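Hi,

Here is the model I promised to pass on. Have a look at it first, and my notes come after.

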Amino acid sequence: MRLGAMAVTALVGAMLALQVGMAGTMRSYVGSPMGAALVNFAVGTMFLVVAVALGRGSLAGLAQAGAAPWWAWGAGILGGLYITASAALGSTLGGATFIALIVAGQMVAALALDHYGLLGFPVRPLDAWRVAGALLVIGGMFLLARQN
């Protein structure tokens, strides 16, 4: 099961790279990164309405959203900021560099979240292997971001 989850996650990562290019293209048509993000979220919302409606018992679960902690509501804002940044900066930096910078930032934040068990993550203390892995990711980001 873990291997399947890892493969699906890698596929989602590949889709994020596609999304950066798509958001940048939309920005050129609507005139602003925020406008491109709005279009992205409108289309995504329509997709999710259909997907949730077709899911098993999914609509009933939405009633429990009000019981979520206050900070859980911020995920939508962070998603909007990500899409806005991809629309604004992806075409400037290039797809590989943009994604490498995103992954490097995610890696540093995820290590802290894991180490302290924040936001519902299980505690996974920092150790030399995890730090080395993060440093390799960050090193890769610098290699991708270099100017020829």
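This is a predicted model: local features need pLDDT of at least 70, side-chain atom pairs count only at pLDDT 80 or more; totals for chains, interfaces and linings use all residues.

Residues are numbered from 1 along each chain as its sequence is written, and side-chain values use heavy atoms, with hydrogens and water left out.

The fold

The protein has 6 helices and 0 strands, in the order α-α-α-α-α-α along the sequence. Helices here are DSSP runs of H or I with at least four residues, strands are runs of E with at least two, and both are numbered from the N terminus. The C-alpha trace spans about 45 × 45 × 30 Å along its principal axes.

For the geometry, axes are lines fitted to C-alpha atoms, for helices over the stretch in contact, and angles run from 0 to 180 degrees between N-to-C directions. Under 35 degrees is roughly parallel, over 145 roughly antiparallel, 65 to 115 roughly perpendicular, and the rest oblique. Contact means heavy atoms within 4.5 Å.

Take α1 and α2: their axes come within 8 Å and cross at roughly 120°, which makes α1 oblique to α2. On the α1 side the contact uses Q19, A23, M26, R27 and V30, and α2 answers with P33, G35, A36, V39 and N40. Those residues split into 6 nonpolar, 3 polar and 1 charged. In this scheme Ala, Val, Leu, Ile, Met, Phe, Trp, Tyr, Cys and Pro are nonpolar, Asp, Glu, Lys and Arg are charged, and the others, Gly among them, are polar.

α2 and α4 have axes 8 Å apart and an angle of about 125°, and are therefore oblique to each other. Again, α2 passes α4 in a right-handed crossing. P33, M34, A36, A37, N40 and F41 of α2 meet G76, G79, G80, I83, T84, A87 and A88 of α4. That contact counts 8 nonpolar, 5 polar and no charged residues.

With α1 and α4, the axes come within 8 Å and cross at roughly 75°, so α1 is roughly perpendicular to α4. α1 brings L16, Q19, V20, A23, G24 and R27, while α4 brings Y82, I83, S86, A87, A88, G90 and S91.

The pockets

A pocket is an open set of points on a 1 Å grid over the protein atoms alone, where a 1.4 Å probe fits, with protein on both sides within 12 Å along at least five of seven lines; lining residues have an atom within 4 Å of a point. Points are joined across faces, edges and corners, and a volume is the space filled by probe spheres set on them.

The largest pocket holds about 530 Å³. It has 19 lining residues, with Q19, N40, F41, V43 and G44 nearest its centre. α1 (2–30), α2 (33–54) and α4 (74–93) each supply at least two of the lining residues, and α2 gives the most, with 9. By class, this lining has 14 nonpolar, 5 polar and no charged residues.

The second largest pocket comes in at about 300 Å³. T9, V12, G13, L16, Y82, I99, I102, V103 and Q106 line it, with α1 and α5 (95–116) each giving two or more.

Cheers

Note on methods:
A crossing is left-handed if the near helix is turned anticlockwise from the far one by less than a right angle, and right-handed if clockwise.
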